[in-house]
Amino acid sequence: GFPTWAVVVAGAAAVLVGLALLAGDGDPPGSGETGAPDEVAIAHVHGLGINPADGALYVATHHGLFRVPDQGEAERVGDAVQDTMGFTVVGPDHFLASGHPDPQDERLNVPGKPPLLGLVESTDGGRTWEPVSLLGEADFHSLVAAHGLVYGYDATTGRLMVSADGQEWERRSQLRMGDFAVDPLDADHLVAMTEQGLAETSDGGRTWRQVGGPQFMFLSWNESQGLWGVTAEGQTYRRTEEAWEPGGDLPGSPQALLVTDDDLYAAVGEGESTGIYVSTDGGRTWELRYSDRQP
């Protein structure tokens with residue numbers, strides 16, 4: 001059967017919805033595998049995660065999955081160029097994702113159904129993906145694995161859905177949201193960015209109440225570093241008991257945010273360029289880790 005869900009390594013950080021931007025770089029499927037600088041170009045990022053198996057940052061994009069190590073060049077993972085909208089790391093080499101399949105992947109394209117991945121799983125570090133459920137039926141723009149559950153926001157229906165095994169889903173509520181995050185200490189406590197602003201739930205997403213706060217694009221929650229959000233202008237905030245406390249500014253519009261036990265990561269779009277930034281001082285300052293325009 002399907003493996004038991006593990007608590008997300010990286011403290012149940014929310015893996016974040018990316019903007020559904022059209023592909024613009026024109027790279028054919030499979031390009032970038034040689035590692036040449038002009039062929040490995042990370043663009044239109046939808047999610048970030050740290051793989052405990054190798055400690056590297058994995059970047060889910062409109063054009064497939066990439067690995068960005070602490071040292072060395074970024075590299076494409078596997079041959080698929082699927083549009084990975086939702087992405088989360090469950091454990092070592094164990095990922096979950098959603099979005100749209102590689103047009104060449106016959107296993108993940110269902111005749112007569114929309115090109116939607118539903119929930120897919122990789123147990124080999126993203127090199128290959130297997131369908132789990134809702135193939136051709138759901139497009140989770142945000143996925144979080146935590147508390148032995150998987151939480152997903154299906155952008156096609158506006159539903160927040162929760163599953164204990166990845167197969168059977170409970171539809172908790174229906175509301176338009178940009179992103180959500182799950183409290184790493186409470187399976188029923190979630191925060192979401194909705195059309196009406198920030199909202200909070202204490203019953204697992206069945207009912208919501210509006211709460212005050214900035215207009216965030218992305219949210220990420222980690223047990224040791226707390227709940228973070230980033231605005232469209234790149235301003236980061238950390239939730240304290242009293243208020244949202246400003247952190248350091250990012251140099252552009254964010255595409256994804258990830259908070260881990262040790263560091264914070266953000267993907268930033270700079271025109272047609274993308275940069276991956278890291279903060280090692282609790283969000284006060286951000287340094288460039290990767291740029292697709294690096295020489």
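Mentor: The discussion below sets values against definitions. This is a predicted model, in which local features need pLDDT of at least 70 and side-chain atom pairs count only at pLDDT 80 or more, while totals for chains, interfaces and linings use all residues. Residues are numbered from 1 along each chain as its sequence is written, and side-chain values use heavy atoms, with hydrogens and water left out.

Trainee: Why is N222 called buried?

Mentor: Buried means under 20% relative accessible area, exposed over 50%, and partly exposed in between, with a 1.4 Å probe and protein chains only. N222 has 0% relative accessibility, and therefore counts as buried. N222 lies in strand 17 (residues 216-222).

Trainee: What makes the link between the side chains of N222 and D261 a polar contact?

Mentor: A polar contact is a pair of N or O atoms within 3.5 Å; within protein, one must be able to donate a hydrogen and the other to accept it, and residues adjacent in sequence count only if both atoms are side-chain atoms. The side chains of N222 and D261 are joined at 3.0 Å, and this is a polar contact.

Trainee: To which other strand is strand 18 paired?

Mentor: Strand 18 pairs with strand 19 (residues 235-239) in the antiparallel sense, over 3 bridges. Here G229 has Y237 as its bridge partner. In the turn of this hairpin, G234 has a positive phi of about 95°. Strand 18 (residues 226-231) is mostly covered, with 6 of its 6 residues buried.

Trainee: What makes a set of residues a nonpolar core?

Mentor: The set must consist of buried Ala, Val, Leu, Ile, Met, Phe, Trp, Tyr and Cys residues joined through side-chain atoms within 4.5 Å. The largest nonpolar core has 16 residues, and I42, V45, L48, L57, V59 and I276 touch the most other members. Its largest share, 3 residues, comes from strand 1.

Methods. Helices (H or I, at least four residues) and strands (E, at least two) are DSSP runs, numbered from the N terminus. Two strands pair if DSSP finds at least two bridges between them.
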